[in-house]
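Welcome! Take a look at the model below, and then let us walk through some of its features together.

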Amino acid sequence: SVARVQLQLVGVTSILLAAKHEEIWAPEIKDCIYISANTYSDQDVIRMERDIACSLGFRFTVPTSYPFMCNMLKRLNANTAVRHATYYFLDSATLDYSMLAYLPSCIAQAACYLCLLYTSPSPRDS
């Protein structure tokens, strides 16, 4: 739980952490202090940043299926048609709420497998 007097510090520090993770040029600590009207010191922000990161277990993101799929397509040395078809299957899977029950790596593998099934020539074609 957070004391009411520290809510602004938690908010400013959370924005700083998010910006460090997402932005190319994150704001500096002095910018956060300025936004909070010099209510906190740089040590307060650094301490709160450490506390928030420890509370989250340093887990700022969750794995998604996209990096797994890119890795598999690279290992398969897939051509452009296979890549686009795999992207299509993966995008379709991410729109289905029931797919949240599966690991991102399994969803990526299934998308690659489906693509290979649909793009490889069937035995009847020969």
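With which hand does H4 pass H6 in their crossing? H4 passes H6 in a right-handed crossing; a crossing is right-handed if the near helix is turned clockwise from the far one by less than a right angle, and left-handed if anticlockwise. The contact is made by Ser 65, Phe 68, Met 69, Met 72, Leu 73 and Leu 76 on the H4 side, and by Pro 104, Ser 105, Ile 107, Ala 108, Gln 109, Cys 112 and Leu 116 on the H6 side. Contact here means heavy atoms within 4.5 Å.

Before going further, a word on the source: this is a predicted model, in which local features need pLDDT of at least 70 and side-chain atom pairs count only at pLDDT 80 or more, while totals for chains, interfaces and linings use all residues. Residues are numbered from 1 along each chain as its sequence is written, and side-chain values use heavy atoms, with hydrogens and water left out.

## How the helices pack

Two packed helices are described by the angle between their axes and the distance between the axes. The axes are lines fitted to C-alpha atoms, for helices over the stretch in contact, and the angles run from 0 to 180 degrees between N-to-C directions. The helices themselves are DSSP runs (H or I, at least four residues), numbered from the N terminus.

Helix H6 covers residues 104–119, and H4 packs against H6 at an angle of about 40°, with the axes 8 Å apart. H4 and H6 are therefore oblique to each other. For such angles, under 35 degrees counts as roughly parallel, over 145 as roughly antiparallel, 65 to 115 as roughly perpendicular and the rest as oblique.

H4 also packs with H5, at an angle of about 160° and with the axes 11 Å apart, so these two helices are roughly antiparallel. The crossing of H4 and H5 is right-handed. Their contact is made by Ser 65, Tyr 66, Met 69, Leu 73 and Lys 74 of H4, together with Val 82, Arg 83, Thr 86, Tyr 87, Leu 90 and Thr 94 of H5.

## Salt bridges

How many salt bridges does a search of the whole structure find? The search finds four. A salt bridge is a side-chain nitrogen of Lys or Arg within 4 Å of a carboxyl oxygen of Asp or Glu. Here are some of them:

| Salt bridge | Distance, N to O |
|---|---|
| Glu 49 and Lys 20 | 2.6 Å |
| Lys 30 and Glu 28 | 3.8 Å |
| Arg 50 and Asp 51 | 3.6 Å |

What does the bridge between Glu 49 and Lys 20 tie together? Glu 49 lies in helix H3 (residues 42–55) and Lys 20 in helix H1 (residues 7–22), so the pair joins parts that are 29 residues apart in sequence.

Is Glu 49 buried or exposed? Glu 49 counts as buried because its relative accessibility is 12%; buried means under 20% relative accessible area, exposed over 50%, and partly exposed in between (1.4 Å probe, protein chains only). Leaving aside neighbours within four places in sequence, Glu 49 is in contact with Thr 13, Leu 16, Leu 17 and Lys 20.

## Positive phi in two loops

Most residues other than glycine have a negative phi. Ala 37 has a positive value, near 60°. Ala 37 sits in the loop between helix H2 (29–35) and H3, and is exposed, with a relative accessible area of 60%.

Asn 77 has a positive phi as well, near 55°. Its place is the loop between helix H4 (65–76) and helix H5 (80–94). With a relative accessible area of 69%, Asn 77 is exposed.

The structure holds three aromatic pairs, where rings of Phe, Tyr and Trp (its six-membered ring) pair if their centres lie within 6.5 Å. Tyr 88, Phe 89 and Tyr 118 form one aromatic cluster.

Finally, look for Leu 117 in helix H6. Leu 117 is partly exposed, at 47% relative accessibility. From C-alpha to C-alpha, Leu 117 and Gly 57 are 40 Å apart in space, and they are 60 residues apart in sequence.

Terms used
Phe/Tyr/Trp six-rings, centres within 6.5 Å; stacked < 30°, edge-to-face > 60°.
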